[in-house]
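Student: I would like to go through the labels used for this two-chain model and see what each one rests on. Can we take them one at a time?

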Amino acid sequence: MNYSLITLEILAVLLGLTVLVADLWVAPATRKALGLGLAAALGCLLAFAVGSLAPQSGSAFTGMFVVDDLARYFKGFFLFAALAVVLMTVDFAPKFGAGLSEFFALTLFALVGMLFAASASDLVLFFVSLELITVTFIVLNSFQRTRSVSLEAGVKYLILGGVSSAFMVFGIALIFGTANATNLAVIAAKQKELGQSALFLVGLLLVLVGLGFKIAAVPFQMWAPDVYQGSPAPATAFLAVGSKAAGFVLLIRLLVGAVPQIAAEWHRLFVVMSGATILYGSLCAIPQRNLKRLMGYSSVANAGYLLLGIVAGSAAGSTAILYYLAGYAFTVLAAFTVISAIANHVESDDISALSGLGQRSPLLAAVLTMALVSLAGIPPLAGFFGKVLLFKSVLEAAPGHPELYALIAVAVVGVVISLYYYFGVIRAIYWGGQSANLSTIPVALPTRVVLLACVAGMLVLGIFPQGLMKIADHAVAGLSHKAAPSAPKAAH
Amino acid sequence: MEHAAVAQHAVESGSKIQDLAWAILVLPLVMAFGTAVLIPKNRTLSAVFNISGVVVAFLLSFTLFCLFGGQSADATPFHWLSVAGLDAQIGLHLDALSTLMLLVVTGVASLVMIYSTGYMHEDRSYTRFFSTLSLFVFSMLGIVLANNLLMLFVFWELVGVSSYLLIGFWYEKPSAGDASKKAFLTNRIGDFGFMLGILAIWSVAGTLDIAALKAQFIANPALLGPWAGLAGLLIFMGAMGKSAQFPLHVWLPDAMEGPTPVSALIHAATMVAAGVYMLCRLFFLYTATPGWPAALGFLDGLSAATIITCIGGFTALFAAVIAVQQDDIKRILAYSTLSQLGLMVMAVGLGAKTGDASASMYHLVTHAGFKAMLFLGAGSVIHACHHEQDIWKMGGLRTKMPKTFWTFALGTAALAGLPPFSGFYSKDEILAVALEANPIFFGVGVLVTVLTTFYMSRLVLVAFFGKPRGEGADHAHESPASMTVPLLVLAVPSAFIAWLPLGEFLSGHFKPGHAAHGGDILFGPFNHNPIAAFFGLGAALFGFSLAYSLYGKSPTQDPLSPKLGLLSQAMRNRFYIDEIYDGIVVPIHNLLSQVADAIDRWLIAGLAVRGLSGVVEIAGRALRLVQTGSIQTYAFLFTAGVLLIVLLALK
């Protein structure tokens with residue numbers, strides 16, 4: 001067996017343990033330096049993961065763990081997200097009081113869960129990696145022990161996460177019972193006869209419930225606003241970017257890679273889920289006054305847009321998901337880096353507290369504005385092109401399926417509504433009325449680096465989409481070759 | 001800048017000499033932006049920079065004229081975009097028309113720019129002036145070189161914008177601001193028709209490429225069927241705007257608010273010529289079989305060309321009559337320009353019968369030369385008289401400004417149509433065409449010649465002869481060399497262009513292989529069409545003697561005004577056209593905008609926008625109630641969701 005395939009995961013675990021141990025010798029005053037050191041180490045890992053020394057394609061642990069282009073794409077994605085989160089945590093640290101190193105270590109363990117998820121090709125590894133993510137996030141979300149909202153967020157995530165895990169493990173049991181296997185490749189080979197078995201289908205649906213919880217899709221989205229609002233900003237950022245992407249890589253592996261024919265049968269289910277998620281997220285965001293809660297609903301709405309790629313059921317749809325996630329990561333990380341950076345300088349998470357930000361820190365105000373504009377899907381930023389790709393993939397599948405036109409209409413309505421609430425925030429930043437406190441907000445160098453990297457990412461993805469599209473195309477191409485020789489969209 | 005890259009690319013990859021045209025087109029653009037971005041503060045450098053750009057463009061144009069004057073060629077095109085059936089190119093076409101026009105535009109522009117170093121010397125926006133002039137030249141060259149209607153239209157609009165910037169150059173003067181707006185808006189009306197015409201042609205012929213269209217029209221003159229007349233008139237609307245034909249002529253006299261070099265460039269050689277040039281370029285539209293849609297059946301028997309002839313002839317006469325009673329030196333020249341443009345347009349319409357518009361194009365070229373000279377001469381006079389423009393406050397300038405006087409007199413002789421100066425030969429061609437086609441328009445031409453000579457002689461006699469009648473004229477002295485040299489240079493073509501076989505050259509373009517009159521050029525007109533020539537000469541002499549009898553004794557007031565009485569009043573007020581527009585168009589416009597405002601305010605903003613947003617907002621607030629915060633509710637909804645999904649999937 002080729003253990004070198006999990007080099008990245010081993011290194012990440014070791015890094016997490018090192019941080020925990022190093023904490024014993026590092027004085028509290030210099031823990032920030034620990035964070036910067038960790039960021040440097042993650043930077044090295046990122047370079048390793050996307051460089052030519054990265055593990056070659058192959059599979060290990062009897063096919064449970066695969067390394068392919070898709071896995072590599074997402075590993076790079078997760079490492080970048082973790083790097084940004086660690087850097088924004090450094091800025092956010094004064095809010096924690098104590099336990100900064102533990103926060104770093106837990107972030108890394110969540111990262112390990114995501115890295116495994118990127119490579120998971122077996123339902124057992126699905127479950128284990130998702131549990132690793134969920135359990136670490138329970139702690140990360142409730143990390144501000146002195147704030148009841150943070151504890152509330154942790155408890156809600158714990159209970160609902162538990163419910164979702166229960167459904168998922170039940171589903172895996174049903175699948176194992178009917179298919180006598182948990183490996184995706186085996187299931188893919190038998191998907192035709194398995195599709196006849198109602199028990200198998202119920203099992204598959206229950207697994208989808210677990211993934212639906214991760215990505216916060218309707219009707220499993222209830223936790224998102226409360227948890228996003230209550231959690232510390234860096235944890236929320238990682239939840240929004242990393243955890244959601246982990247859900248999507250598993251969805252792609254399962255639906256596009258393993259059981260495309262059954263997924264095509266469930267076409268209508270995904271149409272309804274996607275449309276409902278977009279509308280729910282967009283409509284509920286309108287009356288929000290709390291920025292993080294607004295981002296929670298925005299995250300729900302974005303899950304709906306991403307589901308468009310699953311609805312399309314084509315390679316183009318999966319490419320669009322990958323592209324959209326990359327743009328979404330830059331955008332959301334930029335927004336939360338700003339939220340973290342101002343956390344120590346504004347009195348609340350309320351949108352109204354942003355008034356005067358344009359004067360207090362033009363950089364932070366500009367980046368937050370760009371992030372919101374990108375989320376709203378306005379060119380020339382990343383969000384625009386991602387949405388274009390998603391809509392295009394659905395339109396390509398639309399001939400013969402009138403409901404898809406309706407879905408596109410719903411999505412467009414969602415975009416229009418989102419303009420309203422995102423621009424409400426921008427209005428607060430620049431025209432929010434007189435703010436009592438106009439002291440400047442200092443922006444530390446690491447934060448600056450993250451902000452500029454995210455801005456560059458948003459611009460590059462929005463203006464020069466070809467480069468990443470090629471990579472995403474490549475990542476998805478390997479997938480359909482392996483498991484789905486026939487076109488993913490079967491006769492309907 | 002993109003063009004520059006393309007041009008560069010084209011020059012590198014192809015070895016075609018005609019790609020030099022790209023350099024001609026792009027050079028002024030580079031100068032305009034370079035000046036505005038890099039050296040907005042350096043006066044000397046910006047002048048040198050822009051002048052050298054246009055002069056180089058002129059030299060390149062001369063090269064191309066020698067190479068491609070007698071044939072046609074295309075520069076390597078640049079594919080701009082292609083959408084459903086329309087392949088939009090930026091392509092440059094070289095032939096007799098475009099290379100000749102290149103020479104005219106870059107030549108006059110070079111001289112105007114050199115002249116401006118003197119005239120605009122004290123202006124604080126000196127660099128902006130040069131940069132805008134270069135931008136204008138770029139736009140104009142785009143019209144000249146365009147090989148398709150889309151590109152033509154784009155540059156057509158660019159000319160509109162850059163002329164707006166130039167006319168309103170002294171934007172701190174309210175009258176200049178108003179004039180630039182008036183010019184722009186009036187042009188927009190014409191442009192709108194132009195665009196509709198382009199769309200009509202495209203929808204029928206399926207291509208916008210001028211060469212392809214021409215080929216199609218030659219193969220099938222009835223190509224546009226019933227749309228021929230309408231499309232021709234709509235296209236002509238564009239020319240009506242730019243070449244200031246009645247009733248869209250109102251912008252041109254007001255546009256004299258711009259600096260005088262601008263008037264020389266825009267209103268003599270370039271922008272106003274664009275309309276006539278475009279008509280010559282698309283001449284095949286007017287030689288096509290006429291036709292009208294059923295709704296316009298009452299026009300059967302007329303062709304677009306006939307209507308164009310009437311409008312041109314009317315404008316020529318109308319403007320000449322107004323010019324007789326103007327006192328502002330620039331306005332006299334402005335109405336004279338209108339009148340001459342009317343003649344050119346009339347010649348295009350008349351030429352449709354014989355399939356030869358060379359008379360119009362010939363007059364355009366000669367007119368560009370002597371009218372630019374007249375405008376620059378007027379500028380020299382205004383400059384010397386401390387910005388006095390009323391000819392009745394001048395006088396006696398002949399001795400004080402000899403160079404200006406002699407060039408101005410030469411220009412006047414050319415404009416009046418005295419042999420052997422250029423205007424005589426080109427106007428004679430128009431008269432000859434008119435005599436052949438329709439005696440009424442021959443009469444119009446002769447009458448216009450009488451009037452032209454009359455008002456120009458009046459101008460020269462009042463402003464340059466007699467005694468100074470004003471403070472400014474008293475202290476006037478000759479302008480600096482930067483201003484007089486361009487005048488002298490421009491005098492050359494006005495004096496000697498008749499020695500070149502330009503008319504034959506142009507009619508060779510319209511009728512290949514058809515040998516024109518030939519023989520002696522200088523006395524040619526008297527040989528091949530003596531009636532037209534003698535009538536033209538006679539009209540000029542009659543006009544002059546009339547003017548001399550009235551103004552020869554240097555009166556201090558216009559002796560004609562009391563004689564004409566009310567008519568003079570009407571002429572001075574431009575026959576109240578502006579007042580009529582103010583009384584009719586403006587109230588209608590205000591009414592329409594009030595209606596539109598009400599619709600926007602109550603229907604769109606009130607009902608549609610507020611109503612919809614209200615519904616969405618209420619939906620958002622209602623959904624928010626689901627989010628109770630209670631974990632039991634969440635878990636319940638979660639489980640209900642699972643059941644729902646299973647039901648939906650397995651139904």
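Tutor: What follows is a set of questions about terms, each answered by setting a value against a definition.

Tutor: This is a predicted model, in which local features need pLDDT of at least 70, side-chain atom pairs count only at pLDDT 80 or more, and totals for chains, interfaces and linings use all residues. Residues are numbered from 1 along each chain as its sequence is written, while chains are lettered from A and ligands numbered from 1 in the order in which they are written.

Student: What makes A216(A) count as buried or exposed?

Tutor: A residue is buried if 20 or more other C-beta atoms lie within 10 Å of its own, exposed if 12 or fewer, and partly exposed in between, with C-beta atoms placed from the backbone. A216(A) has 29 C-beta neighbours inside 10 Å, so it counts as buried.

Student: Which class does T62(A) fall into, and why?

Tutor: T62(A) has 9 C-beta neighbours inside 10 Å and therefore counts as exposed.

Student: How do you know that the length of α14 (residues 304–323) of chain B agrees with that of a helix?

Tutor: The expected span is 1.5 Å times one less than the number of residues. For the 20 residues of α14(B) that gives 28 Å, and the end C-alpha atoms are 28 Å apart, so the two agree.

Student: Why is α14(B) called largely enclosed?

Tutor: Of its 20 residues, 15 are buried, so α14(B) is largely enclosed by the rest of the structure.

Student: Why are α15 (residues 329–354) and α20 (residues 439–464) of chain B called roughly antiparallel?

Tutor: Axes are lines fitted to C-alpha atoms, for helices over the stretch in contact, and angles run from 0 to 180 degrees between N-to-C directions. Angles under 35 degrees count as roughly parallel, over 145 as roughly antiparallel, 65 to 115 as roughly perpendicular and the rest as oblique. The axes of α15(B) and α20(B) come within 11 Å and cross at roughly 160°. That makes α15(B) roughly antiparallel to α20(B).

Student: Which residues make that contact, and what are their classes?

Tutor: Two residues are in contact if their C-beta atoms, placed from the backbone, lie within 7 Å. Among those involved are I329(B), S336(B) and L350(B) of α15(B), and F441(B), G445(B) and A463(B) of α20(B). The contact residues divide into eleven nonpolar, four polar and no charged. Here Ala, Val, Leu, Ile, Met, Phe, Trp, Tyr, Cys and Pro count as nonpolar, Asp, Glu, Lys and Arg as charged, and the others, Gly among them, as polar.

Student: What makes up the side of chain B that touches chain A?

Tutor: 22 residues of chain B are in contact with 25 residues of chain A. On chain B, α28 (577–626) and α29 (631–650) each supply at least two residues of that side. The largest share, 13 residues, comes from α29(B). By class, this side of chain B has 15 nonpolar, four polar and three charged residues.

Notes
Helix = DSSP H or I, 4+ residues; strand = E, 2+ residues; numbered from the N terminus.
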